[in-house]
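Reader: I have the model open and want to go through it piece by piece. Can we start with strand pairing?

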Amino acid sequence: MKIRDISRMAWEQVKRRKVVTGLCMTGISIGCAAIIVALSVGQSAQVYVTEQVNANFKMDEITVSPGGGLPTNGKSGGGGGGSGEVNENLDPGKLTDQKLKIIQGLNHVKAASPFHQAGYLQMVTIDNKISDVQVVVADLQKLTAYDHKFKQGGANGQLGSIVLNHGATLGLIDLETRQKLFDQMSADPFNQELYQQYDKMATVPTELYRKQVQIQAQDYSSTTPVFKLSSPLQISGILALPKGMDELRSSYEKIMYVSPETAQQLSKELAFDNSTTSVLTLPPEGSYNSITVKVDDVANIKPVEQMIQKLSLNAQDNLFQQEMLKEQFDMIKMAALGIGVFILIIASISIIVAMTMSTHQRRRQIGIMKVLGANMGQIRNMFITEAALLGLLGGMLGVAFSYLIVMGLNKLVGSAGDGMNFFIPAMNLPVGISFAIMTGVLSGIYPAISASRTDALTAIKRD
Amino acid sequence: MLRVEDITHSYKSGNEWTSVLHEINFSVKKGEMVALLGSSGSGKSTLLNLMAGLMKPTEGHIYIADQDIVKMGENKLAEFRRKNIGFIFQAYELITSLTVRENVELPLVFQSVSPRARKAKALALLEQVGIPDKADLFPSQLSGGQQQRVSIARSLITEPSVIFADEPTGNLDSKTEEEIIGILLNLNRTMKTTFIVVTHEYKVAEQMQRIFTLKDGFLVTESQAKPQADIKLQKEPQLETQTEVQVEEQIAEEAEPQTMVEVEEQLAAGAEQEAVEPVPQTAGADEDPPAEEPEHQTAEEADPAEGGKP
């Protein structure tokens with residue numbers, strides 16, 4: 001018997017027995033929708049949390065630092081002079097320019113560049129607004145290789161030009177207002193209104209593109225406040241707000257990117273004569289304290305990391321964050337799958353009952369077919385195909401249900417103001433439909449065997 | 001072509017065994033058209049079901065095309081039936097969800113014949129039985145006679161070695177009965193198909209080449225084979241269906257059909273008829289024997305095809 005004929009006959013029966021079809025489809029569709037929605041909610045939550053983690057911990061980046069080893073004669077890590085003597089023979093763990101070039105040439109490495117956190121300083125605008133910023137020494141031309149996007153302008157190779165991130169343009173307040181608010185908060189630390197006011201002020205944007213700012217340093221070793229202002233710095237570009245980060249959170253992350261040359265200039269300008277430490281912490285010239293390596297794919301993180309470690313350097317990734325999340329979400333997904341399968345088992349009972357009833361009602365038809373030469377296998381296959389078809393139709397209805405449920409969930413979450421978005425990954429659809437068909441087939445086995453064992457003569461005579 | 005050897009069949013009712021058929025022996029040649037004649041409870045339908053492989057006898061052998069169907073397992077029997085046996089039922093037994101053409105094609109579906117080939121064959125057979133224009137209708141849209149024609153076409157589509165017809169005219173009026181018997185006779189003549197027709201009506205049986213008469217489970221008589229030329233061929237089947245009024249008028253005009261008593265009298269009077277077996281009275285022989293699971297079956301349930309007859 002050809003598959004086409006079996007399918008056609010099964011389809012005719014499914015069309016003809018509308019009540020049985022409707023009952024079975026409803027049962028299966030609920031189970032199928034439960035599986036799809038449960039898996040999708042788990043995956044949506046995983047994507048959401050992963051995005052959040054990625055915003056803070058880049059999964060495709062490796063942070064490389066010196067590998068330790070023998071001490072050097074240079075002043076690495078200290079002083080602002082940058083006069084450390086590079087001697088790789090004596091300190092094989094040193095992160096040198098030469099090693100940076102090797103890393104940049106490794107397979108799967110998209111970019112490798114130093115990102116040196118030189119310290120926190122005050123940024124002062126021309127109209128005397130002040131904000132605390134973190135000064136990061138980096139190759140400004142390579143910022144875009146690290147997923148940074150420019151909202152305005154871009155990197156400029158000129159000495160004294162800088163790039164600000166989005167957070168650095170927020171919450172610039174004049175000194176007097178700022179001091180007044182701080183005093184009020186100190187006097188009344190439990191006043192929520194003051195905190196709300198502070199948060200509000202912290203997210204007020206200031207137009208800084210192509211404006212000039214200065215860096216202000218304070219000599220904390222002096223008994224009286226001594227300040228020094230740098231020469232004006234030109235803001236050549238402003239980075240866009242990273243995806244998944246809101247304004248308030250970005251206001252806590254204010255970064256000023258400066259080139260190594262500008263950093264050296266600032267270090268000189270802001271050095272206090274009587275101080276032993278510089279306001280900017282810079283690595284010795286020709287070597288780095290930290291570089292960030294961007295890899296083309298998360299899957300290649302480990303091999304690249306191993307190559308870097310062969311250079312006697314420390315390499316650290318953020319994959320452990322992802323692995324930790326994966327374990328948690330695997331558990332959630334398994335639980336969701338379990339719930340869906342449980343519902344499908346319940347649904348399968350309705351199919352067994354409906355199909356068995358259908359078999360009984362069709363005993364005469366089965367008898368005729370057997371008299372006409374249908375064997376047990378052919379009768380069994382017809383019923384199993386019918387059950388599989390019911391499973392398929394139930395699965396398709398389940399897909400439609402799952403989209404409706406996810407739409408409802410998104411409306412619910414959207415109205416609650418949360419940024420989470422539920423979605424159904426395409427892979428979940430065949431998974432749900434496969435489960436539905438499998439349920440149909442498994443539920444159809446007993447009725448099919450029962451039908452195939454129907455005695456032709458008795459079936460014809462009894463009705 | 002068909003050989004029945006020492007067939008005995010009995011069933012258990014409570015603690016007692018009831019015999020239905022007693023050492024039946026006969027054979028049918030290829031292309032013959034024979035009647036199994038008998039009254040209700042004579043065992044003719046049981047014998048037909050045994051020959052069609054729908055039941056297993058208690059003892060004996062049934063050979064069709066030199067193969068003993070009694071020894072065959074269910075699946076082999078299904079395959080054998082598919083290729084060698086055609087069946088015409090009293091109540092037509094068409095599948096209501098399928099069209100006329102699809103009903104006729106059905107046996108070929110189980111043989112995995114291509115849709116195109118089986119469609120062509122089904123249409124040709126529908127034309128042969130006189131209802132080419134009904135191919136796309138459903139059985140419920142046809143009269144009884146037309147449904148039986150569909151059933152005949154269906155039985156022929158696999159070109160079987162033998163066709164068993166169980167009271168093929170039992171549900172039909174006299175006019176339609178004539179048409180159906182006419183079709184069967186013509187098919188037998190033109191296609192050389194072997195027919196075994198179960199009937200309780202002598203006027204149907206007498207049109208066949210030979211008559212086997214059963215009484216109380218015994219094969220009591222076997223009439224001489226009629227030469228083919230002597231068989232009264234019916235007029236060609238009428239394509240036009242009569243109206244109900246016409247049919248009723250015709251029935252009223254026609255004489256009452258012969259009863260089995262009259263038939264038996266006729267047979268007894270026939271000088272050349274030969275008794276095959278003695279006719280002992282057995283317990284429960286008047287009852288119609290069930291096919292299987294006799295413990296919970298009434299005689300009528302066991303053989304409804306015969307149970308409703310006069």
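Reader: What does β1(A) pair with, and over how many bridges?
Author: β1(A) pairs with strand β12 (residues 313–317) of chain A in the antiparallel sense, over 5 bridges. Two strands count as paired if DSSP finds at least two bridges between them. Strands (E, at least two residues) and helices (H or I, at least four) are DSSP runs numbered from the N terminus.

Reader: Which residue stands opposite A:I62?
Author: A:D317 in β12(A). β1 (residues 61–66) of chain A also pairs with strand β11 (residues 291–295) of chain A, antiparallel over 4 bridges, and there A:V64 stands opposite A:I291.

Reader: What are the ground rules for the numbers?
Author: This is a predicted model, so to speak of local features pLDDT of at least 70 is needed, side-chain atom pairs count only at pLDDT 80 or more, and totals for chains, interfaces and linings use all residues. Residues are numbered from 1 along each chain as its sequence is written, chains are lettered from A and ligands numbered from 1 in the order written, and side-chain values use heavy atoms, with hydrogens and water left out.

Reader: Fine. In what order do the strands of the open sheet in chain B run?
Author: The order of the 4 strands is β2-β1-β4-β5, with antiparallel pairing. β2 (16–28) and β5 (67–68) of chain B are at the edges with a single partner strand each, so one side of each has no neighbour in the sheet.

Reader: Which helix packs on that sheet?
Author: Helix α1 (residues 44–51) of chain B, which touches β1, β2 and β4 of chain B. Contact means heavy atoms within 4.5 Å. The helix direction makes about 65° with that of β2(B), using axes fitted to C-alpha atoms, for helices over the stretch in contact, with angles from 0 to 180 degrees between N-to-C directions.

Reader: Switching to the interface. How many residues of each chain are in contact?
Author: 28 residues of chain A are in contact with 33 of chain B. The two chains bury about 2700 Å² between them, 56% of it on carbon and sulfur atoms; that is the accessible area (1.4 Å probe) lost on being put together, summed over both.

Reader: Which three residues of chain A supply more of its buried area than any other three?
Author: A:L372, A:L457 and A:K461, with 24% of the area chain A buries against chain B.

Reader: And how many salt bridges between the chains?
Author: There are 4 between chain A and chain B, taking a side-chain nitrogen of Lys or Arg within 4 Å of a carboxyl oxygen of Asp or Glu. A:D5 and B:R118 meet in a salt bridge at 2.5 Å, N to O.

Reader: What is the count over all chains?
Author: 22 salt bridges. Among them, A:K302 and A:E305 have their closest N and O atoms 3.6 Å apart.
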